[in-house]
Amino acid sequence: MTGAFVTRDGAPWTPHYLTAIDGATCIGCGRCFKVCSREVMHLHGVDDAGEILGICAGEDDDFDGELNRMVMIVDHAGRCIGCGACGRVCPKNCQTHLAADKLAA
């Protein structure tokens with residue numbers, strides 16, 4: 001399904017799906033994860049060389065001392081419902097959202 005939809009009051013609405021998060025800009029604050037009810041993205045650890053270490057399971061997970069910082073990664077894009085809540089809470093504006101009618105089929 002693509003295109004415009006309507007809200008309960010009849011106002012036009014087009015879902016904008018999360019397609020990417022810029023790892024260079026993301027500060028790993030987790031705000032987007034907290035507002036997402038669909039678990040579309042998760043915090044991943046990154047080492048000094050910029051390599052992704054894996055999903056951060058908890059605050060104590062330091063990947064054997066290799067953890068340099070954390071970034072959010074879109075790992076289940078198909079779960080996104082296009083509500084845009086994650087983009088509204090992101091302090092760095094590092095997310096890319098595409099309208100439903102702009103996504104490749």
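How many helices and strands does the protein have? In this predicted model, the count comes to two helices and seven strands. Taken in sequence order, these elements run β-β-β-α-β-β-β-α-β. The C-alpha trace stretches over about 55 × 25 × 20 Å along its principal axes. Of the 105 residues, 30% count as buried. As for contacts with a separation of 6 or more, 63% of them join residues 24 or more positions apart.

On one hand, strand 4 pairs with strand 6 (residues 69–74) in the antiparallel sense, over six bridges. Within that pairing, histidine 42 has isoleucine 73 of strand 6 as its bridge partner. On the other hand, strand 4 also pairs with strand 5 (residues 52–55), again in the antiparallel sense, over three bridges. Strands 4 and 5 form a hairpin with five residues between the strands, and here glycine 50 takes a positive phi near 90 degrees.

Histidine 44 sits in strand 4 and brings several of these details together. Its bridge partner in strand 5 is isoleucine 55. Is histidine 44 buried or exposed? Its relative accessibility is 9%, and buried means under 20%, so histidine 44 counts as buried. Setting aside neighbours within four places in sequence, histidine 44 is in contact with Ile52, Gly54, Ile55, Cys56, Arg69, Met70, Val71, Ile73 and Asp75.

The largest pocket holds about 150 Å³. Its lining consists of 16 residues, and those nearest the centre are Cys36, Ser37, Arg38, Ile81 and Cys83. By type, the lining divides into ten nonpolar residues, five polar and one charged. Strand 3 (16–21) and helix 2 (85–89) each contribute at least two residues to this lining.

How values were computed
Residues numbered from 1 in each chain as written. Predicted model: local features only at pLDDT ≥ 70, side-chain atom pairs only at ≥ 80, totals over all residues. Heavy atoms only, no water. 1 Å grid on protein atoms, 1.4 Å probe; cavity = no way out; pocket = protein on both sides within 12 Å on 5 of 7 lines; lining within 4 Å. Points joined across faces, edges and corners; volume = space filled by probe spheres on them. Helix = DSSP H or I, 4+ residues; strand = E, 2+ residues; numbered from the N terminus. Nonpolar A, V, L, I, M, F, W, Y, C, P; charged D, E, K, R; others polar. Pairing = 2+ DSSP bridges. Buried < 20%, exposed > 50% of the residue type's maximum accessible area, 1.4 Å probe, protein only. Contact = heavy atoms within 4.5 Å.
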